[in-house]
Amino acid sequence: MNHTWDELVTSALLGTGRRTPPVEARDGQEAALALLDAAAVDTVRRRAGALPAVARARPAPAPADGRPPLPPAARRRLARLLAERGGSGGGRRGAAPDLTELLPQWLAAANRHGYQAPPALLPALLEAARSRTDLRPEALVFGGPRARWLAGLNPQWKYALRPGPAAGPAAPGGPADAGVWEEGLFAERAAFLSSLRRRDPAAARELLAGSWATERAEDRLLFLDVLREGRSAADEPFLEVALSDRSRNVRATAAELLSALPGSALAARMAERARSCVSLDRTSGGGEPRIAVEAPHECDKGMQRDGVVVKPPSGRGERSWWLSQIVEAAPLGAWGERFGGRSPAGIVALPVADGWQPELHAAWCRAAVRQRDAEWARALLGPASAPPAAEGTSWKDPAKLLSALPAAERAEWVARFVSAHGLSDAFRLLGVCAVPWAEPLGRAIVDALDTARDAGSYPWSFSGVMGLAERCLDPAQADRLEALTAQPEEPAGGSGASGAGAYWGEAFQRLVRTLRLRATMLAELSGPPGRPGEPGQPGRPV
């Protein structure tokens, strides 16, 4: 036998017509058949000569999960949702609900009840979260310690071992073992640090400080990000050390974390720089005070150490770039004193000299979001009835500013916006509202959809809002929407308008059915829990 397995494979791939196989054919035998015979013989020979692999040690048993099991109806619902995860998704047209979009909500509701995941469905759950990152936080909370234990046995599920809000106390022998910090893989170390940070913020910080000098730059950056959770003034000394890190990205992240601590030394330095650049000018013509701006003339070493990036993006001036970074990092509480005790609304209302208003207000917007300052966010948002600016022409980002407001106030502002301007500019705003949409937001959305249909608008222009409504409207709105599902009468001769009317009726039917399905899902989760020994419930081996 004067050939190798690779030679046989190469001949098969190229074809015997293009490459003569390295085998001798019997009389009258075709070359292709001779190649297949040789491959069969070689396969038997290789298998017969294979040595048995060394048996690996059995993994530690799966940890216990003391949470109650799902009610039987809810378990069956989860199995169907997981089976439908590979469906057609949002591009479908029809009256049937899209089950793939309901899985995130089902998981969140199950977690609010405190149920454990059925062990038999854990592989499907981990696989679903592997392909959909939006599922991971809720899926890993629902999966609990058994999901993390199982993920440790399959490299494709290693995402479950990474740090994050869902990475609770790990299974015995997993990343909760303190020895992993010294010897584990990065994902295991990061998961351990994240878990420790939630339980004991000071201990996590001290653990990181002990190995900081020996960590790789990319690891230092990701470890530093763990400190966002539970951030406090006690972290300031460590973050000040990180400001002198060799990595620019590490320095920038440390500066961002410090600027969100209004009492930090970095915040005080940025406030002093901001005061030197922005002031109240009472000498302008007409006697009306205005804001005067003098942008920095250089970016010195101290500014760079505090996170100010020297080189601006393409098309941006250096001085305006430096100014925006300083104002964004300065504590917003410092501006009241700078402007004579005025409120945020009073400061925002002041005219800004020399065309600096867009730059200054944009920096204040980013500061309000970073510092979660609702009063400043409210002032910068302005009234919801004001005409929205064309996309890309305004310094204002209402969706981000809304994220700094309490959930109820956020919903009320968006409801007023939708009532005043309709749905065309509302998609991003709706995405930051708490689910289910609180009143009066839900009512405003239904009214706006009804108005758009009556106005003869094309329904596919509102497909994004319809998709959000299916997931976010309160299921109690289903009865009110039932009246909108009727198919309109087609005019004589037919036209595109009649087709649009039929689409509207179909879209409302799907919306109503989805809302009622969501109500059924919530009711199933409120049923009596399953009993040990049922399929997939505790009492059966894992």
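A residue is called buried under 20% relative accessible area, exposed over 50%, and partly exposed in between. Arg372 has a relative accessible area of 47% and is therefore partly exposed. The model discussed here is a predicted one.

**Overall architecture**

The protein chain contains 26 helices and two strands. Of its 542 residues, 44% are buried. The accessible surface amounts to about 27500 Å², and carbon and sulfur atoms contribute 54% of that area. Among contacts with a separation of 6 or more, 70% are between residues 24 or more positions apart.

Part of the surface is a nonpolar patch formed by Trp5, Val9 and Leu13, with about 290 Å² of accessible area together. Val9 belongs to helix α1 (residues 5-14) and is partly exposed, at a relative accessible area of 33%. An α-helix has 3.6 residues a turn, so residues three or four places apart point the same way.

**Helix α12 and its surroundings**

Helix α12 (residues 248-259) comprises 12 residues and reaches 16 Å from its first C-alpha to its last, close to the 16 Å expected at 1.5 Å a residue. Its buried residues are Val250, Thr253, Ala254, Ala255, Leu257, Leu258 and Ser259. These buried residues pack against α10 (217-226), α11 (236-242), α13 (265-277), α15 (318-329) and α18 (357-370). At the start of α12, a side-chain oxygen of Ser247 comes to within 3.4 Å of the backbone nitrogen of Asn249.

Another polar contact, in this case between two side chains, joins Ser195 and Arg199 at 2.6 Å. Ser195 is part of helix α8 (residues 186-199) and counts as buried, at 6% relative accessibility.

Helix α18 has 14 residues, which should span 20 Å at 1.5 Å a residue; its end C-alpha atoms are 20 Å apart, in agreement. The buried residues of α18 include Glu359, Leu360, His361, Ala362, Trp364 and Cys365.

Asp354, with a phi of about 60°, lies in the loop between α17 (344-349) and α18. At 67% relative accessibility, Asp354 counts as exposed.

What does Trp395 contact, leaving aside its neighbours within four places in sequence? Its partners are Gln357, Pro358, His361, Ala362, Cys365 and Leu380. Trp395 itself sits in the loop between α19 and α20 (398-402) and is partly exposed, with a relative accessible area of 23%. Trp395 and Trp364 are 31 residues apart in sequence, and their C-alpha atoms are 10.0 Å apart in space.

**Cis peptide bonds**

The loop between α22 (427-430) and α23 (441-454) holds Pro436, and the peptide bond from Val435 to Pro436 is cis, with omega near -5°. Pro440 is found in the loop between α22 and α23 as well; a cis peptide bond joins Glu439 and Pro440, with omega about 10°.

**Salt bridges**

Side chains of opposite charge can pair when their charged atoms come close. A search of the whole structure finds 36 salt bridges. The table gives three of them.

| Salt bridge | N to O distance |
|---|---|
| Arg77 and Glu524 | 2.8 Å |
| Glu240 and Arg269 | 3.2 Å |
| Arg366 and Glu328 | 2.9 Å |

The side chains of Arg77 and Glu524 meet in a salt bridge. Arg77 lies in helix α3 (residues 72-83) and Glu524 in helix α26 (residues 496-525), so the pair ties together parts that are 447 residues apart in sequence. Arg77 is buried, at a relative accessible area of 13%, and Glu524 counts as buried at 14%.

A salt bridge also joins Glu240 and Arg269, linking helix α11 to helix α13 across 29 residues. Glu240 is buried at 15% relative accessibility, whereas Arg269 is partly exposed at 27%. Both residues belong to a network of salt bridges that also includes Arg273, Arg305 and Asp306.

The bridge between Arg366 and Glu328 connects helix α18 with helix α15, the two residues being 38 residues apart. Arg366 is partly exposed, with a relative accessible area of 33%, while Glu328 is buried at 16%.

How values were computed:
Residues are numbered from 1 along each chain as its sequence is written. This is a predicted model: local features need pLDDT of at least 70, side-chain atom pairs count only at pLDDT 80 or more; totals for chains, interfaces and linings use all residues. Side-chain values use heavy atoms; hydrogens and water are left out. Patches are made of residues with over 30% relative accessible area and no salt bridge: like charges are joined within 9 Å, nonpolar side chains (Val, Leu, Ile, Met, Phe, Trp, Tyr) within 5 Å. Accessible areas come from the Shrake-Rupley method with a 1.4 Å probe; for residues, only the protein chains shown count as cover. A salt bridge is a side-chain nitrogen of Lys or Arg within 4 Å of a carboxyl oxygen of Asp or Glu. Helices (H or I, at least four residues) and strands (E, at least two) are DSSP runs, numbered from the N terminus. Buried means under 20% relative accessible area, exposed over 50%, partly exposed in between (1.4 Å probe, protein chains only). Contact means heavy atoms within 4.5 Å. The expected span of a helix is 1.5 Å times one less than its number of residues. A polar contact is a pair of N or O atoms within 3.5 Å; within protein, one must be able to donate a hydrogen and the other to accept it, and residues adjacent in sequence count only if both atoms are side-chain atoms.
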